[in-house]
Amino acid sequence: MEIAVASGKGGTGKTFLASNLAIFLERKLGGAVAVDADVEAPDLAIALGGVDEVLSRREVWESAKASIDYGRCTGCLKCYDACMFDAIAIEKAKPRIIEEYCEGCGACRIVCPEKAIEIRETLTGYLSVIKTIGGIYAVMGDLEVGGRNTGHVVYTAREEAKKLAEKLEKNFIVIDSAPGIGCPVVSSLSGAEVLIVVVEPIPQSLQGARRVLEVAKAFRLRSYLVLNKYDLNEGFSERIPGELGLEVLGRIPYDEEVVESYTMMNPIILSNPGGRIGRALEEVFENLIELGGLSRHG
Amino acid sequence: MAKILAVVGGKGGTGKTLLAINLAYGLSKLGKTLLIDADVDNPCSKTFLRAEPSSREVVREFRPKIIEDRCRLCGTCVQNCHPHALLLIPGKRVMLVSELCEGCGVCRLVCPFKAIEDSWIEAGLIEEYRTDQGFDAVVGELKPTTRRTPVMILKTLRYAEKRIGEYDYAVADSPPGTGSGIYAIMSYADLIIAVTEPTRLGLSDLEKLYKLYEKTGSKKLLAAINKSGLRGGVKKELEEFLKKIGVEWIEIPYDESVVRSYAEGSILIERYPRSPAAEAVKRLLERVSETLS
């Protein structure tokens, strides 16, 4: 079973929740592989306690950038008309590829009557399989800075995680998704069964949650809510479940213990399960098992 | 031409929107100011604007319309669809999964039977606001279930470019991350503010963001350490990193007025001008106006 953790807004506690959830499922239900799908700002390894061993690392390449052979280009500009991404500019009556915007879809190459356009492979990012100090296996996506195809890196990371989970006989895959609702989030959610939306009690986070739930609805995920830092504004927190129409798995208070657990690279579910954050997390996860029907068989 | 300030941060939730809104408000006392919200996935500057949009442009995106009479089920479109948004149901029809479609139009170009026609869906909105808060705003918003964040960012910047001649300052708020959209926003700016927080995650993402910054050439860069008083954090390590890369920083302490201003949708330095966080934001504002002038 694939469980995605998302939020719409950044900084609400996705990585915090996903890292502790992966460890909890590993211990309680016999196995979880974690996926860092926030490939533009990948931090899951830190939250899981740090890297013990890098089992593999490879580059992710994708045919992604068009390039024009000006020796052949006659300036007919059919490519300009075909590009749906505004990635072709016209300069001195000739087309020029704006690399940052090129999706590498190849529409320009298809329409070019002079065969003057080639789609070149470019490096999109990296994929590592690691074992963390806490003993969790994780697949880490890492986008090349300034890169474009975040969705492809996420997709590749998830495929890798599925293979790994099968090999290691782990029943759960926990996906720490990116903030927002765009390409990497769509790639995190499509195919997952359960979504945990992490919300903090401010209108900006509620707005983000609404937007991510629209995406989740399109992919028919079962969605649950976790209220993080709920005590920063309890009145607002209480309105959120009704506003989103979601069942609440639990409420986690604001506590700088979370910051400290990152500093020490020691996940709370391991370091202080009996503390107020540890207990709140445990409640969230027990409710997830119950409401989500999770078992040792996935 | 307006001086452009970009507020970025690798990690989400570090306080980009807080600073963008407050800097726009502060700069509007010095000159005519435009706020550009390019965080199109979750444009939450809207929750701080006291105005209804004064104009609205719809951004459209291609979707294939399969004309079943002409389709011979050859599968060429399906084979050429990179995001796997087209499925061939043998003997029946070609089906589109719209949520996976990236709108590139390749299917239409490769179909040997001209069985694919154009249709268009709404991919996003660009709205303009004229507020009574001293500044105007252009806000880009991606429609949920579409996935063209970088294109929407670009369209929002281009839309703002048409207006920018009327302004002295523009402040661009950006999505979290280090991808191509952020690169476009950084390339567009005269001064970049990297917002971070003294946590291990904040530091790790700032390191990645800095690699992206280096690609933009020699733009001016300032850092803001938000929530600087967090107990148990890695402030020392963060400061060492900033020293190493030679970037000046301003610290913004965490105080309750920040959460309150978020909850109310109010502007911190207007509503709680004496709070420690507001005082720090004002120091940042001074530094920004010096750098831009």
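Reply: Happy to! Keep in mind that this is a predicted model. Let's begin with a helix pair: α4(B) passes α5(B) in a right-handed crossing.

Me: Are the axes of α4(B) and α5(B) roughly parallel or roughly perpendicular?

Reply: The axes of α4 (residues 149–163) and α5 (residues 180–188) of chain B come within 8 Å and cross at roughly 20°. Angles under 35 degrees count as roughly parallel. Therefore α4(B) and α5(B) are roughly parallel.

Me: Which residues of α5(B) does α4(B) meet?

Reply: From α4(B), the residues taking part are T149(B), P150(B), I153(B), L154(B) and L157(B). The residues of this contact divide into seven nonpolar, three polar and no charged. On the α5(B) side they are S180(B), G181(B), A184(B), I185(B) and Y188(B).

Me: Which strands stand at the edges of the nine-stranded sheet in chain B?

Reply: This open sheet has mixed pairing and runs in the order β3-β6-β7-β2-β8-β1-β9-β10-β11. An edge strand here has a single partner, so one side of it is left without a neighbour in the sheet. The edge strands are β3 (53–66) and β11 (249–252) of chain B.

Me: Which element gives the largest share of the side of chain A that touches chain B?

Reply: Here 55 residues of chain A are in contact with 55 residues of chain B. Elements giving two or more residues to chain A's side include α5 (150–168) and α7 (203–218) of chain A. The largest share, eight residues, comes from α7(A).

Definitions and conventions: Residues numbered from 1 in each chain as written. Chains lettered and ligands numbered in written order. Predicted model: local features only at pLDDT ≥ 70, side-chain atom pairs only at ≥ 80, totals over all residues. Axes fitted to C-alpha atoms, helices over the stretch in contact; angles between N-to-C directions. Helix = DSSP H or I, 4+ residues; strand = E, 2+ residues; numbered from the N terminus. Parallel < 35°, antiparallel > 145°, perpendicular 65-115°, else oblique. Left-handed = near helix turned anticlockwise from the far one by under 90°. Contact = placed C-beta atoms within 7 Å. Nonpolar A, V, L, I, M, F, W, Y, C, P; charged D, E, K, R; others polar. Pairing = 2+ DSSP bridges.
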